[in-house]
Amino acid sequence: MADIEIDKIAAETLRVPIVGTSPLIVHRFSEKARRTMLDAMQGRKSPKEAKNPEAEYEQAFYRFADDSYGFPVIAFKAATVGGARFYSGVTMTSLKQSLFFRGQLGVDGQMLAKIEGEPRMREDVVRVGRGGADLRYRPEFQKWSTVLEVVYVQSALTRSSVLSLIDAGGMGVGVGEWRPEKDGDFGTYRIDPDRDVEVIS
């Protein structure tokens, strides 16, 4: 019986600069919100606290240890995989197994892409419960950019296909609150035409 020889999977890493084409609204799930949810699941009533807009705003950020801003890379992967719906013959399942997004560790343990830009506080009226309303205070980056580090399997995808999918996901799916995938117009982006894509051997 002849030996079976299996070659190592060939993969390439790209550093892809992207620039926002609409504002990015960030909303990290705060520890207070987690506690309130856990209390509700366990039948405990959470104590009513006075609303603190500044604290709510600060808790909504994703941050690195040096206090700089980030955003989960898994959201950019989801947007890129979601971009497959714009092309025939491309399945989201196969893309999930062929595309990997690397990030840096944030303070809450998530892998993040570093967001460049200046945030501002936005106040929004949101619907909660049975017809109720509440105010939410979240960061918004009106102008923003980042660099995505993407690893892809070369036997499954070409470099140009990966870049096309990143652009498609940025245009039609987006990231953050009120993105196109969720019937909004925020959190869209494209590959930055003024910066080069870096290929890492």
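1. Let me start with Val90, which sits in the loop connecting α3 (73-82) and α4 (92-96). Keep in mind that this is a predicted model. With a relative accessible area of 32%, Val90 comes out as partly exposed, because that label covers values between 20% and 50%.

2. Val90 also has a part in the surface: together with Phe86 and Tyr87, Val90 makes a nonpolar patch of about 260 Å².

3. On to the rings. The structure has nine aromatic pairs. One of them joins Tyr57 and Phe61, with 5.1 Å centre to centre and 75° between the planes, an edge-to-face arrangement. Tyr57 and Phe61 are both buried.

4. Another pair worth a look is Phe76 with Tyr189: the ring centres are 5.5 Å apart and the planes meet at 65°, so this one is edge-to-face, given that angles over 60 degrees count that way. The pair links distant parts of the chain, as Phe76 belongs to helix α3 and Tyr189 to strand β11 (residues 189-191), 113 residues apart. Phe76 and Tyr189 are each buried.

5. For Arg138 the ring belongs to Trp178, and the charged end lies 5.2 Å from the ring centre.

Definitions and conventions. Residues numbered from 1 in each chain as written. Predicted model: local features only at pLDDT ≥ 70, side-chain atom pairs only at ≥ 80, totals over all residues. Heavy atoms only, no water. Patch = residues over 30% accessible without salt bridge, like charges linked within 9 Å, V, L, I, M, F, W, Y side chains within 5 Å. Areas by Shrake-Rupley, 256 points an atom, 1.4 Å probe, with all protein chains shown as cover. Salt bridge = Lys/Arg side-chain N within 4 Å of Asp/Glu carboxyl O. Helix = DSSP H or I, 4+ residues; strand = E, 2+ residues; numbered from the N terminus. Buried < 20%, exposed > 50% of the residue type's maximum accessible area, 1.4 Å probe, protein only. Phe/Tyr/Trp six-rings, centres within 6.5 Å; stacked < 30°, edge-to-face > 60°. Lys NZ or Arg CZ within 6 Å of the ring centre and 35° of its normal.
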